[in-house]
Amino acid sequence: MTTTKESFRVNGEHLLNKVKELIKEGNVRKISIHDHAGKEIMSFPLTLGVVGTLIAPVLAAIGALAALIGDCTITVEREEEMTS
């Protein structure tokens, strides 16, 4: 497997919805949230076993963070299977 990185610029009010959308995709390994200056505010890994109630505290923290920040960047690490 290979790991790729992708970044998204979002407004704070759309932060939680975007993170939920990324989690549902299933191939996300890690999500990092950076402020407008590029400073990492929050980072959390997503392993195969992290679902449902285990991710709820993280989503609550992201919801609180979204209320406090304006524009931010979400960086996503994805695992992609290599095809041969």
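Reader: What is the order of the strands in the open sheet, and what is the pairing?

Author: This is a predicted model, in which local features need pLDDT of at least 70 and side-chain atom pairs count only at pLDDT 80 or more, while totals for chains, interfaces and linings use all residues. Residues are numbered from 1 along each chain as its sequence is written, and side-chain values use heavy atoms, leaving out hydrogens and water. The open sheet has 4 strands in the order 1-4-2-3, with antiparallel pairing. Strands (E, at least two residues) and helices (H or I, at least four) are DSSP runs numbered from the N terminus, and two strands pair if DSSP finds at least two bridges between them.

Reader: Which strands stand at the edges?

Author: Those are strand 1 (2-11) and strand 3 (40-45). Each has a single partner strand, so one side of each is left without a neighbour in the sheet.

Reader: And over how many bridges do strand 2 and strand 4 pair?

Author: Strand 2 (residues 28-34) and strand 4 (residues 71-80) pair over 6 bridges, in the antiparallel sense. Lys30 stands opposite Glu77 in strand 4.

Reader: Is Glu77 buried or exposed?

Author: Glu77 counts as buried because its relative accessibility is 17%; buried means under 20% relative accessible area, exposed over 50% and partly exposed in between, with a 1.4 Å probe and protein chains only. Leaving aside neighbours within four places in sequence, Glu77 is in contact (heavy atoms within 4.5 Å) with residues including Thr3, Lys5, Val28 and Lys30.

Reader: Turning to the nonpolar core, which residues touch the most other members?

Author: In the largest nonpolar core, which has 18 residues, they are Leu15, Val19, Leu22, Ile31, Phe44, Ile62 and Ile74. Such a core is a set of buried Ala, Val, Leu, Ile, Met, Phe, Trp, Tyr and Cys residues joined through side-chain atoms within 4.5 Å. Helix 2 gives the largest share of this core, 4 residues.

Reader: What does Leu22 touch?

Author: Not counting residues up to four places away in sequence, Leu22 touches Phe8, Val28, Ile31, Ile74, Val76 and Arg78.

Reader: What sits over the ring of Phe8?

Author: The charged end of Lys18 does, 4.1 Å from the ring centre. A charge sits over a ring if NZ of Lys or CZ of Arg is within 6 Å of the ring centre and within 35 degrees of the ring normal.
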